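The sequence and the structure come before the details.

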Amino acid sequence: EPSIGETGCPARRLWVEGTLAELACAASGNPPPRVACAKLGDSQDPPPPSPNVTRAHAGTYQCQATNAHGSARRNVTVAVEYSPAAVSLRVLPSANVSRGASFSVECRAEGLPTPTYGWALPLAPNLRFAADNRSVAVAGAAAANRGLYTCTATNRHGQRAGSVMVRVDESWLALLASLGSLGAVTAVGLAAAGGYYLKTTACKKGEYNVRDAEGSSEAACLHRQRHDRGEIFGIQLTQP
């Protein structure tokens, strides 16, 4: 009767995507048995040797050796390794970030072996990378954090990259600047109005330099009175 052992038919196989797909098992027996393998759960035999391996080839196959005296079966598990694919980036909560807010950029990729991750991004002191390097968190977004974030997933079969643009919205600064300018203009206006008020209404009576008052068009009258400290001239100013 036929016999299928580990030597001629290893229970585990490792294929690489893109290589030729071929599953062969050797069996012993007399007369030499015929061996056929089929993927469990599939109604059809696996693809012929010429097509390239795809991820769909991964799974468990059953190989059966048959001759005139009987048959033997053996299960073979096939794993398919492949270079990183379907790299995607996601910005949480949004790629449009308000200044001072926190956000994170996550990177995901398929691949076997599991990919490692690397980043090319705007350098800033407020970056914190996850332990597996799959994500980067930014606390207190500033102008230095805006730009292109690129994640590269790599394994022994290759690498692939993906990018996302992050924008830091600083429009509120312009608003504050406008408000600040408006406040400055208002302050100047108030100061001018106050000066005009003081000039035209307040402090009409007081002690002034006589010589200055004599030459002023606002001096309506001058009078003199004696005081312990000397002579004091009272000046009454008219409206301009």
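## Disulfides

C37 and C63 are joined by a disulfide, with an S to S distance of 2.0 Å; a disulfide is taken as a pair of cysteine sulfur atoms within 2.5 Å. The pair connects distant parts of the chain, since C37 is in strand β2 and C63 in strand β3 (residues 59–67), 26 residues apart. The S-S torsion of C37 and C63 is about 110°, so this disulfide is right-handed. C37 and C63 are buried, where buried means under 20% relative accessible area, exposed over 50% and partly exposed in between (1.4 Å probe, protein chains only). Strands (E, at least two residues) and helices (H or I, at least four) are DSSP runs numbered from the N terminus.

The model is predicted: local features need pLDDT of at least 70, side-chain atom pairs count only at pLDDT 80 or more, and totals for chains, interfaces and linings use all residues. Residues are numbered from 1 along each chain as its sequence is written, and side-chain values use heavy atoms, leaving out hydrogens and water.

A search of the whole structure gives three disulfides. C9 is bonded to C25, S to S 1.8 Å, and the torsion about this S-S bond is about 50°, so the link of C9 and C25 is right-handed. C9 belongs to the segment before β1 and C25 to the loop between β1 and β2 (34–39), 16 residues apart. C9 is buried at 0% relative accessible area, and C25 is buried at 12%. C107 is bonded to C151, S to S 2.0 Å; with -85° about the S-S bond, this link is left-handed. C107 is in strand β6 and C151 in strand β10, so the bond ties together parts 44 residues apart in sequence. Both cysteines of this pair, C107 and C151, are buried. With the bonded cysteines numbered in sequence order, the pairing reads 1-2, 3-4, 5-6.

## Nonpolar cores

A nonpolar core is a set of buried Ala, Val, Leu, Ile, Met, Phe, Trp, Tyr and Cys residues joined through side-chain atoms within 4.5 Å. The largest one has 22 residues, of which L89, F103, V105, W119, V136, Y149 and V166 touch the most other members. Two or more residues each come from β4, β6 (103–112), β7, β9 (135–138), β10 and β11 (158–169). β6 gives the most, four residues. The contacts of V105, beyond four places in sequence, include L89, W119, V136, Y149 and V166; contact means heavy atoms within 4.5 Å. Another core, apart from this one, has 15 residues, among them L23, V53, A65 and V78.

## Strand β7

β7 pairs with β10 (residues 147–155) in the antiparallel sense over five bridges; pairing requires at least two DSSP bridges between two strands. A153 in β10 stands opposite Y117.

W15 is in strand β1 (residues 12–16) and is buried at 10% relative accessible area. Its C-alpha atom is 4.7 Å from that of V80, 65 residues away along the chain. Beyond four places in sequence, W15 touches residues including L23, V53, V78 and E81.

E81 is in strand β4 (residues 70–92) and counts as buried at 8% relative accessibility. Its side chain makes a polar contact with the side chain of H157 at 2.6 Å. A polar contact is a pair of N or O atoms within 3.5 Å; within protein, one must be able to donate a hydrogen and the other to accept it, and residues adjacent in sequence count only if both atoms are side-chain atoms.
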